[in-house]
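Here are some notes for a colleague who is opening this entry for the first time. Please keep the view at hand while reading them.

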Amino acid sequence: MCGVVGMVSHGEVNQELYEALTVLQHRGQDAAGIVTCEHDRLYLRKESGLVRDVFHARHMLTLRGTMGIGHVRYPTAGCTSSAEAQPFYVNSPYGISLAHNGNLTNAEVLKRELFVQDQRHINTDSDSEVLLNVFAHELQELGKLQINAEDIFKAVAGVHRRCRGAYSVVMMVTGIGVFGFRDPYGIRPLVFGERAIGHGRKDYAIASESVALDVLGFKLIRDVAPGEVVLIDNDGVLHTRQCAEHVWHSPCIFEYVYFARPDSIIDNISVYKARLRMGDKLADKLLRERPDHDIDVVIPIPDTSRTSALQLANRIGVKYREGFVKNRYIGRTFIMPGQQQRSKSVRQKLNAIDLEFRGKNVLLVDDSIVRGTTSMQIIQMARDAGARKVYFASASPPVRFPNVYGIDMPAAHELIAHDRTDDEVQEALGADWLIYQDLDDLIDAVHRGNPEIHRFDTSCFNNEYVTGDVNQDYLDRLGEDRSDHAKRARESETSIIEMYNTV
């Protein structure tokens, strides 16, 4: 999962791109980057680390220009070195920059095609670089010295024909402008907005979530439709075109469960309202299964589960309390690149308030249970704080299958619910009782926000992949490539290379 932003303005964009990335930081903490354009000259800064650590005053001064794109990275593919940081750039044709959120399911096939047929070299293991070069080749095939919006639309149509999987993209072509597009399924989010600056002039921005537009004073226009291109040219003129032959809107439901900020609106659905409805649904199930429950207090596991937990507590008539204090300077453990780092971070991240646990039957509420590492440690923390019984509720169904569209759920055997019953998961976690959201209830909670969406990607819950090109062989290869063991091997190799280069 990553965060992307692009902007065409009548003023310098460096500071506003930085601010947009800071509010998209929850979507990726591994690396950050910005590229800007001034008079056909590009200026790039990217590096591993948080936004605030990557960009200093000296860097911002060099990022000149009135249009640019930015990216925060969450490593689902490749390694965690700075070589994988985005935006990516190719100089031919015209000078093209890309920031990508998602994952291509046919990246290896495309990589071979690009080398054998298109004579293009791919320098990293990132599928984003593959996507960039596919677009660059499609644009170069037009054979024109001067290009326009129509040519951009034709090139993106070529991307849709060749690429499979999930991709929400912002790109910048030197001398043309900034544009964004989504895959024909609209799996990953992308929105755009405008800001009036007087005398009939407007600035435009494209971003992963509407909250990035809000903080910059942009008015949300709408979501970029699946398969659509939204282009803002150098003159600040907006162009849109549907460039996919077939579309079937199927947004990832896990965006609403965990990734997106609650103050965002994605595909015309309020994330906050969707999570409230998740809490209602979960409460109804709890009351059906345990009408005579003995829960004394409902405690959320901060931060994402707060909305659902509060609504659940109100619904079942039990006190809601904040029982954990979060260290704001530790990243989101689910998106950390490695099991050892995730495990180490839990107790650094959370501290229990003993008074809220001692002698009580506690219901802990989390948005989801993925690997189970965090949940196990938190349940033990509750016991150590004096809880008499520790119940656990998940606002989403059991995560039993890998997500191949840009979320780091790579190997099925690393998922605690894979090939386990709910009772077996409960025992593995060490909880006194475990309750999961039903999939139909989760779908209804999100769908109610926008009845025009008739399908969601729920593959990590039910093994149904909306793009139709994912089979067991692919999942096995992906699991081997992206397991924690494989990541540790790549990180070790990267550390050796970087140490050698430093000497």
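The points below concern a predicted model, and they take up salt bridges, a helix pair and a strand residue in turn.

1. Salt bridges in the model come to a count of 33. In one of them the side chains of E255 and R188 meet, at 3.1 Å from N to O. E255 belongs to helix α8 (residues 254-259) whereas R188 sits in the loop between β8 and β9, so the pair ties together parts 67 residues apart in sequence. E255 counts as buried because its relative accessibility is 2%, and R188, at 0%, counts as buried as well.

2. A further salt bridge joins the side chains of D203 and R195, at 2.9 Å from N to O. D203 is buried, with a relative accessibility of 3%, and R195 is buried at 14%.

3. D422 forms a salt bridge with R400, and the closest N and O atoms are 3.0 Å apart. D422 lies in helix α13 and R400 in the loop between β21 and α13, 22 residues apart. Here D422 is partly exposed at 32% relative accessibility, and R400 is partly exposed at 22%.

4. How do helices α9 and α10 cross? Their axes come within 7 Å and cross at roughly 40°, so the two helices are oblique to each other. The crossing is right-handed, and the contact includes L276 and L282 of α9 as well as L312 and I316 of α10. The contact residues divide into nine nonpolar, four polar and four charged.

5. L220, in strand β11, is partly exposed, with a relative accessible area of 29%. Among the residues that L220 touches are V191, F192 and L213.

Definitions and conventions. Residues are numbered from 1 along each chain as its sequence is written. This is a predicted model: local features need pLDDT of at least 70, side-chain atom pairs count only at pLDDT 80 or more; totals for chains, interfaces and linings use all residues. Side-chain values use heavy atoms; hydrogens and water are left out. Helices (H or I, at least four residues) and strands (E, at least two) are DSSP runs, numbered from the N terminus. Buried means under 20% relative accessible area, exposed over 50%, partly exposed in between (1.4 Å probe, protein chains only). Contact means heavy atoms within 4.5 Å. Axes are lines fitted to C-alpha atoms, for helices over the stretch in contact, and angles run from 0 to 180 degrees between N-to-C directions. Angles under 35 degrees count as roughly parallel, over 145 as roughly antiparallel, 65 to 115 as roughly perpendicular and the rest as oblique. A crossing is left-handed if the near helix is turned anticlockwise from the far one by less than a right angle, and right-handed if clockwise. Ala, Val, Leu, Ile, Met, Phe, Trp, Tyr, Cys and Pro count as nonpolar, Asp, Glu, Lys and Arg as charged, and the others, Gly among them, as polar. A salt bridge is a side-chain nitrogen of Lys or Arg within 4 Å of a carboxyl oxygen of Asp or Glu. Lists of a residue's contacts leave out its neighbours within four places in sequence.
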